[in-house]
Amino acid sequence: MYSAKSSHYDKEANHYDAFNADSSRLINSTVANILKTYDVTTIVDLSCGTGSQVFWLTQLGYEVVGCDINAKMLRIAENNAAAAKLNAAFLKGDMRTVKIGRFDAAITIFNSIGHLTKLDFEKTLRNVANNLNDNGLYIFDIYNLNYLIKGDHITNLTIDWQKLEGNTKIRDIQYSTIDKAGLLCSHTISHVDKGPPSPHISNSSQVMQIYTASQLRKILIRNGFEPLDQTGIDGSSLIESETDRIITTARKK
Ligand SMILES: C[S@@+](CC[C@H](N)C(=O)[O-])C[C@H]1O[C@@H](n2cnc3c(N)ncnc32)[C@H](O)[C@@H]1O
């Protein structure tokens, strides 16, 4: 059985923002739109990575604490916060077990729960509840299994990203497979080209657990949450086999 390892993002951390900063804007604004319809002041981000949602939401006036299992991602988050002169708190912890306090809302954004086994996701839900005030909100996103399993939709996850960082050319090529149980396997070939004699090329693979919308609702209910809403990551209405990523809002019962 796979499960999250704290080292999972060690290799990706240095180039994570180069490839992900732009694509985070849409989901960050959808998360902000959801939050403003509820009475929320304090938020804990239990998979903050390099801090994308922490920065977005802090700038909107929320009090946000960022937590992540990966020390390298957190170091980048802290450096980004210092560079932006943002007063944000970060700490290292595992969303399955960490106890930080009681917040009005908890978030885990950008497929973070996919790094957990099904059993660990259930354990995480019970731990999220322990970090929430009564009636606290939990907002998270994950790819939609009913979308990825249909036709050749899986090929929509194929990427060939190139970016220039200073004099370094970075290129990530990734392709994925998925099975009916929702195990998404992604294989990545990374080129880091700092000039002659030759680029550094490395391979990596990761497995993520993906869910259907109704599986998510059932798991939430049996772990003490009331599902409130499920939409696409742009806030559009959920269509079972057309919506590629689901954002779910639930309330602690
Ligand atoms: C795709 S990144 C998303 C980061 C950030 N939310 C964003 O949108 O850029 C997933 C993050 O989940 C973190 N993660 C994976 N398993 C975790 C766990 N058990 N506890 C806390 N963080 C975890 C990883 O270290 C990584 O930073």
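1. Contact here means heavy atoms within 4.5 Å. On that basis, 14 residues of domain 1 touch 16 residues of domain 2. The model is a predicted one, and the points below should be read accordingly.

2. The division of the chain assigns residues 13–144 together with 211–252 to domain 1, and residues 148–208 to domain 2. Taken over C-alpha atoms, the centres of the two domains are 24 Å apart. The area buried between domain 1 and domain 2 is about 1200 Å², with 63% of it on carbon and sulfur atoms.

3. Helix α4 covers residues 118–130, a run of 13 residues. From its first C-alpha to its last, α4 spans 19 Å, which is close to the 18 Å expected at 1.5 Å a residue. The buried residues in α4 are D120, F121, E122, T124, L125, N127, V128 and A129. Their packing partners are strands β4 (103–108), β5, β10 and β11 (245–252), along with helix α6 (213–222).

4. Five aromatic pairs are present in the structure. In one of them, the ring centres of Y138 and F225 lie 6.1 Å apart and the planes meet at 50 degrees, so this pair is classed as tilted.

5. A single aromatic cluster is formed by F121, Y138, F140, Y211 and F225. Of these members, F121 is among the buried residues of α4, while F140 is found in strand β5.

6. Is F140 buried or exposed? The relative accessibility of F140 is 0%, and the residue therefore counts as buried, the cut-off being under 20%. Setting aside neighbours within four places in sequence, F140 is in contact with T108, I109, I113, F121, L216, L220, I246, I247 and T248. One of these contacts, F121, is also a member of the aromatic cluster that includes F140.

7. Two further details concern F110. The C-alpha atoms of F110 and F140 are separated by 7.8 Å, although the two residues stand 30 places apart along the chain.

Notes:
Residues are numbered from 1 along each chain as its sequence is written. This is a predicted model: local features need pLDDT of at least 70, side-chain atom pairs count only at pLDDT 80 or more; totals for chains, interfaces and linings use all residues. Side-chain values use heavy atoms; hydrogens and water are left out. Rings of Phe, Tyr and Trp (its six-membered ring) pair if their centres lie within 6.5 Å; planes under 30 degrees apart count as stacked, over 60 as edge-to-face and the rest as tilted. Helices (H or I, at least four residues) and strands (E, at least two) are DSSP runs, numbered from the N terminus. The expected span of a helix is 1.5 Å times one less than its number of residues. Buried means under 20% relative accessible area, exposed over 50%, partly exposed in between (1.4 Å probe, protein chains only). Domain bounds come from an automatic or database domain assignment. Buried area is the accessible area (1.4 Å probe) that two parts lose on being put together, summed over both.
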